[in-house]
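Please walk through the model below with attention to how its chains meet.

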Amino acid sequence: MRDKILIAGNDAIAEAGIRAGCRSYFGYPITPQNELLEYMSAHMPKAGGVFVQAESEIGAINMCYGASAAGARTMTSSSGPGMSLKLEGISYLAGSDLPCVIVNVARGGPGLGNIAPGQGDYFQATKGGGHGDYRMIVLAPATIPEATELTMLAFDLADKYRTPVLVLVDGVLGQMMEPVEFRDPVDPATLPPKPWALTGAQGRPPNIVTSFFLDPQELSELNLKRQDRYRRIVTQEVRYEEFETGDATIVIAAYGTVARIARTTVKLARNEGIKLGLLRPITLWPFPYAPLRALSNRVKVILTVEMSAGQMLEDVRLAVAERAETPFYGEMGGIVPTPRGILMEVKKYASYDAEDDQGF
Amino acid sequence: MPVMTQKMTKVFERPRSLADIEFTYCPGCHHGLITRIIAQVIDELGIQERTVVVGPVGCSVFVYQWFRCDGIQSAHGRACAVATGIKRVNPDLIVFTYQGDGDLAAIGTAESIHAANRGENITVIFINNQIYGMTGGQMAPTTLIGQWATSCPDGRDAGLAGYPIRFSEMVAQLDAPVYVTRQSLYDQKRIMATSRAIKKAFQYQVECKGYSLVEILANCPTSWHMTPTQANKHIADVVTSVFPLGDLVDRG
Amino acid sequence: MPKGMILIDKERCKGCGLCIDACPQHVLSYSGEYNQKGYNVTWMEDPDRCTGCAFCTLTCPDVTIEVYREISPGRGGNNA
C-alpha cells in the first residue's frame, strides 16, 4: 500500500512529471503556476535532471524543443499570458513531430487579466493557437489525483504520437491541496529508444529535426502523414466521464474545476427530483463528440458550464447539432461558479422535464 | 592545361564533415566559406560524430544540410535556447548555433544574451553582414548609419532606427563567456585568423570551458549591390571601423 | 618555388572571382566558359606559375577547388 500525501496541485503535477521519467524542465515564473517551477527547481536536480529558469516562456519552450530533439522527456509550464508566448514553440514542436508536455495553469484573461482561475484558454489549447495545421492532445483533469495520472499519461502519449501534449488545469487545481497516492516512478533508462533523436551521427546518417520544407509536395505529404496520426489519436484517445446520465433528462457539459463543482450540482438537483447528469470531457482534444451526440438523442437539454464566455460550448453544439437544447452558463474574470448557482441555471430548463412527464 | 605530376600531393580537399551538397548562397557569399571553415574545424577536432548544428532562420536556414552531423532548425532567434536544451540534456554533444545578425541580435536578443549570461557550454557563430539577405535586403540591427537597405531607402537614420548594435561588446560585458571575438574574411590573413578563432571556440567547448561567441563580419554582395571584390574592400575599409576586429574576451 | 596545380569543379563555381583576387601569382582568371547555371567560371590562365599555395581554395565560398603541390623530399607539406 502506497502512502497518501496531502499535496497542492502545482507540486503534484511537478512530482508526477519527475515520476514519469522526465529529467528536464524549463520554465518561467508566472502566477498561478509558480509552485510547479519552484518544485522542479528543488526536486529535478535531486532526480539527476535538468532545471533551467529561462529568460522567458519563449526561451523555455525552445529549450524544451532542443531537449526533446535530443531525445529527452521534457516539460514546461505556464499560465495564459505565458502560454501565448509559447505558441510559437508549440507550432515548431508539432511541425517537427517532437514530444513535449506543457502545463497551463489557466487564469483570467484576456491580456494580463488576473491571477484568479479561468477557462478562457480553451480555444487556444484546442483550436491551434499557433500557426499551421497542427493539433495538440489536451488533457483536463478535475482533481489533483487525476492531474498526476494524466500528467504521467501525457508523457506516454507525447512519445507515442510524437506530439506536444497539454495538461490544462486552472488556478483552483494548481493551488488547492488533496491527498494523492502517486504511481511508482518510471526509470528513464527503461523508456523506448528514440532513433530519430539528435545523439550524434555515429555509425548512422545524420538525424535532422526540422519543420522547414520548401518543396510543396514534400510539405504536403508530411502534413498528410501528421493528419493520419491525428485521426489515430481521435479514434484511440478520447477520454470522458459520465456521471448520473443513465436516466438524465438534463445533462451538464463541463470540464476541469467546473465539472467538479457540477458533480455537487447533480447531487443537489437529484435531491430535488431533477434528473440531472454530467458529461465531463477529460480529453478536450480529441473531444468526446460521439458520447455527446449519443446523449443528445435522449436528453432534452445539454447545459454547458464554463469559466469562459462559451468556448467548449462550440464543440458541444457541434456534437449536438440541434438534437437538444444547448444553453450556456459561464462566469469570467476569475469568478468560480457555485453548485447552487449552476443549479439555478439548471432549474430554468427543468420545466422541459415536467412537460415531458405530463405528456406520458 | 594544368599538369599533374607524380610528385604532387593533394594539399586541400573538401572537409569530410561537409556534406556533398551545393550551397544555396549567392556568388561570393561568405556563408559558404564560414561553413567550410567550421567543417574543417570539426574534422580537425575529430568531433563530427558528436556535433549538433543548430540552424537559424535567414539565408543560412539550411545550414544543417551542409554538415555530416545531426542538425536542427530553430524558430527565428531561438537558436541559443534550443542549443541550451540540447546541451543540458546531453552534455557529451558538441552544440553550436549558426546565426545571422537579425536572428541573433534582433529577434533573438533575449535568448542570445541569456545563453551567454548563463555561460552555456556552447559555441555561437554569429554572421554579421549588416543586412537581411534572405528576405530581400532589409535593414538589420547591425546596418551601418547611412547604409542603404530596402526598408531604409534613404539610408539608416540613427534618429529613426538607432545605431548598429555591437553585440559582441554587449556579451563581453558579462562575467560568464569564456571567449568573445570579432573576425572577418576579407583577405587570407583574416580567413586564417577566423579559422583559428572558430577552432579555439570549439576547443573550449570540448574542454567544457563554457560559452564562446565568434562574430564574423561577412559580406552580402547581392544586397549591398557590390561585386564580391568590392564587398571585401568595403568590409576592410568601412565595416571594420564600426565593428573593430579582435578578441574581446579570452578567459580560456 | 614549389609547383602546384588546382582542379576546379566547374559546375559548382559561381564565378564570384574571389579566387582570382586571392591568387598571389595571378594564375587565375575568368575563362569565358559558362557552366550550366550560367556562371562564367574561373580557370588557370597561367598554370605554370601555380605554387599550390591554396589561397584560392581558402577563399572559395563554394568549396570548388582541390589543390595539389609538389612536395620536395625531406620537406613537410605546408598544409592549408
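**Chain B between its partners**

Across the interface of chain C and chain B, 13 residue pairs are in polar contact, both residues being at pLDDT 80 or more; a polar contact is a pair of N or O atoms within 3.5 Å, where within protein one must be able to donate a hydrogen and the other to accept it, and residues adjacent in sequence count only if both atoms are side-chain atoms. This is a predicted model, in which local features need pLDDT of at least 70 and side-chain atom pairs count only at pLDDT 80 or more, while totals for chains, interfaces and linings use all residues. Residues are numbered from 1 along each chain as its sequence is written, chains are lettered from A and ligands numbered from 1 in the order in which they are written, and side-chain values use heavy atoms, with hydrogens and water left out.

The elements of chain C that give two or more residues to the side touching chain B are β1 (4-8), α1 (18-22), α2 (55-59) and β4 (65-70); helices (H or I, at least four residues) and strands (E, at least two) are DSSP runs, numbered from the N terminus. Of these, β4(C) gives the most, with 6 residues. By class, this side of chain C has 18 nonpolar, 5 polar and 10 charged residues, where Ala, Val, Leu, Ile, Met, Phe, Trp, Tyr, Cys and Pro count as nonpolar, Asp, Glu, Lys and Arg as charged, and the others, Gly among them, as polar.

In all, 33 residues from chain C and 35 residues from chain B take part in the contact, meaning heavy atoms within 4.5 Å. The area buried between the two chains is about 2,900 Å², with 60% from carbon and sulfur atoms; buried area is the accessible area (1.4 Å probe) that two parts lose on being put together, summed over both. On the chain C side, C:R12, C:L58 and C:V63 lose the most area to chain B, together 22% of what that side buries. There are 3 salt bridges between chain C and chain B, a salt bridge being a side-chain nitrogen of Lys or Arg within 4 Å of a carboxyl oxygen of Asp or Glu. B:E22 and C:K37 form a salt bridge with an N to O distance of 2.5 Å. Strand β1 (residues 8-12) of chain B pairs with β4(C) in the antiparallel sense over 4 bridges, pairing requiring that DSSP finds at least two bridges between the strands. Here B:M8 stands opposite C:E70.

Chain B also meets chain A, with 30 residues of chain B in contact with 35 residues of chain A. The area buried there is about 2,500 Å², 64% of it from carbon and sulfur atoms. B:E49, B:D70 and B:V89 supply 23% of the area that chain B buries against chain A, more than any other three residues. B:D70 also forms a salt bridge with A:R204, with the closest N and O atoms 2.7 Å apart.

Strand pairing links these two chains as well: β9 (residues 208-209) of chain A runs parallel to β3(B), joined by 2 bridges, and A:V209 stands opposite B:I72. An open sheet of 8 strands with mixed pairing has the order β9(A)-β3(B)-β2(B)-β4(B)-β5(B)-β7(B)-β6(B)-β8(B). The edges are β9 of chain A and β8 (246-250) of chain B, each with a single partner strand, so one side of each is left without a neighbour in the sheet. Within chain B, β6 (residues 179-184) and β7 (residues 212-217) pair in the parallel sense over 6 bridges.
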